[in-house]
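The structure is shown first.

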Amino acid sequence: MMDDKEVKVLFGNGADWSKASVDIEGIFNSWLKQSGIKEEEFFKRINSETFEITFSQNEIVLSDKKGEIGLSLIYDGNEDYNNFLTDAAFFLMYIGYKSSSHIFAEKMKSFVKNNILTKIIK
């Protein structure tokens, strides 16, 4: 468990966060298009009981009983690893926020906290 000295809080100008939100929305829409999946189908699948999210050192995979859901989020080594993790965290939290399922949103928040933030916050 992290104590208060280890916790880093993201804060700043609200306009910057609004821009970041718009950027993440654009990335999500582009990701859906590249993945060849419609938004409605995507949310139907991630809200199913068989939804899983797995994380290895370089890849985050969303899947269900039918297989992978969209393209994996893959670290390609061309950027700082912490930047990749931060972008992935924002992307996954956006999906959780956009989902109509409170259970899924909590699952995503827990995943980000336990699997990504623990690697960023040292």
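The sections below move from the overall architecture to individual elements and residues.

## Overall architecture

The structure is a predicted model. The protein chain contains 4 helices and 4 strands, and from the N terminus on these elements follow the order α-α-β-β-β-β-α-α.

Of the 122 residues in the protein chain, 33% count as buried. Among the contacts in the protein chain with a separation of 6 or more, 50% are made by residues 24 or more positions apart.

## Strand 2 and its pairings

Strand 2 (residues 59-64) pairs with strand 1 (residues 52-55) in the antiparallel sense over 4 bridges. A hairpin connects strand 1 to strand 2 by way of 3 residues. Within this pairing, F55 stands opposite I60 of strand 2, and T54 has V61 of strand 2 as its bridge partner.

Strand 2 also pairs with strand 3 (residues 67-68), again in the antiparallel sense, over 2 bridges. These two strands form a hairpin with 2 residues between them, and D64 has G67 in strand 3 as its bridge partner. A further antiparallel pairing, over 2 bridges, links strand 2 to strand 4; here the bridge partner of E59 is I74 in strand 4.

How many of the 6 residues of strand 2 are buried? The number is 5, so strand 2 is largely enclosed by the rest of the structure.

## The two sides of helix 2

Helix 2 spans residues 39-46, and its buried residues are F42, F43, R45 and I46. These residues lie on the same side of helix 2, because they cover an arc of only 160 degrees around the axis. The other side of helix 2 carries E40 and K44, which are exposed.

Helix 1 gives the most, with 5 residues.

By residue class, the lining of the second largest pocket divides into 9 nonpolar, 3 polar and 2 charged residues.

## H102 in helix 4

H102 belongs to helix 4, which covers residues 102-120. Is H102 buried or exposed? The relative accessible area of H102 is 59%, so this residue is exposed, the cut-off for that class being over 50%.

H102 and N47 are 55 residues apart along the chain, and their C-alpha atoms are separated by 9.7 Å.

Methods. Residues numbered from 1 in each chain as written. Predicted model: local features only at pLDDT ≥ 70, side-chain atom pairs only at ≥ 80, totals over all residues. Heavy atoms only, no water. Nonpolar A, V, L, I, M, F, W, Y, C, P; charged D, E, K, R; others polar. Buried < 20%, exposed > 50% of the residue type's maximum accessible area, 1.4 Å probe, protein only. Arc of directions from axis to C-beta. Pairing = 2+ DSSP bridges. Contact = heavy atoms within 4.5 Å.
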